[in-house]
Amino acid sequence: MAAAYAPPSTMSALKEYVSGSSTMQQSAESTVQLFISHNHLKARFPEIRLDKHMTVDAVKAKVNSMTGTSVLSMTLHLQDESGRLVDVLQDGSRKLGYYSPRDGWRLHVIDTDDSSLSAQGWLEDVSKVTKYVMSEEDYASRDNTYRKYKETKLREDPGWTLEKEMCMRRGEPAGRLPQYWWACTCPSPHAVVQQCNWWHSTRGWGSRKMGH
């Protein structure tokens with residue numbers, strides 16, 4: 001738990017506080033707030049506050065947790081507010097403060113590994129992800145689908161429709177169908193869950209998920 005604040009009790013203590021030699025002020029002066037960007041990623045990273053006494057390798061380790069670029073494949077470019085290159089942080093043992101960074105400057109990450117996930121686009125390009133598509137045979141083998149439900153209802157009543165079914169469940173005659181307008185959308189023809197949006201003349205818009 002942090003110690004409670006105690007006001008300066010003597011003139012010398014007050015002078016020390018006002019002159020900027022307090023522990024809190026020294027701590028603020030030893031840190032810097034920098035933006036992070038990446039040569040392969042479009043994502044915007046939040047600003048991070050770094051201690052100027054950290055080595056470049058320690059800074060790389062922290063940036064690795066944000067970008068996924070390995071320390072061994074990472075080159076850091078320090079840029080000012082205008083994007084001008086100030087220096088390249090090459091010496092891993094050198095302290096960050098050696099480069100005199102300022103709040104609002106940027107660390108631009110260069111990923112030198114051409115086979116990395118970011119270089120190949122795997123961290124942002126969702127088109128590279130294999131998506132599951134249910135085959136017609138798998139869908140037909142399922143029992144709890146809208147297709148099976150519809151087939152059962154049509155065998156019982158060749159004139160069956162979903163609209164009639166909904167009116168029956170609400171206890172309304174089929175002649176009141178114009179009160180409702182349905183729009184059902186599926187992510188694929190074989191989706192198990194179907195999202196249906198409806199409009200009622202007195203209730204307005206609504207939606208529900210139905211077994212498909």
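With which residue does Glu 165 form a salt bridge? The partner is Arg 169, and the closest N and O atoms of the two lie 3.2 Å apart. A salt bridge here is a side-chain nitrogen of Lys or Arg within 4 Å of a carboxyl oxygen of Asp or Glu. The structure is a predicted model, in which local features need pLDDT of at least 70, side-chain atom pairs count only at pLDDT 80 or more, and totals for chains, interfaces and linings use all residues. Residues are numbered from 1 along each chain as its sequence is written, and side-chain values use heavy atoms, with hydrogens and water left out.

Side chains of opposite charge can pair when their charged atoms come close. Under the rule applied here, five salt bridges are counted. Both Glu 165 and Arg 169 belong to helix H7 (residues 162-170), where four residues, about one turn of the helix, separate them; helices (H or I, at least four residues) are DSSP runs numbered from the N terminus. Glu 165 counts as buried, with 6% relative accessibility. Buried means under 20% relative accessible area, exposed over 50%, and partly exposed in between (1.4 Å probe, protein chains only). A network of salt bridges links Lys 153 with Glu 165 and Arg 169.

Another salt bridge joins the side chains of Arg 147 and Glu 136, at 2.8 Å from N to O. Arg 147 lies in helix H6 (residues 146-156) and Glu 136 in helix H5 (residues 136-141), so this pair ties together parts 11 residues apart in sequence. Arg 147 is partly exposed at 30% relative accessibility, and Glu 136 is partly exposed at 37%.

Note on methods:
Helix = DSSP H or I, 4+ residues; strand = E, 2+ residues; numbered from the N terminus.
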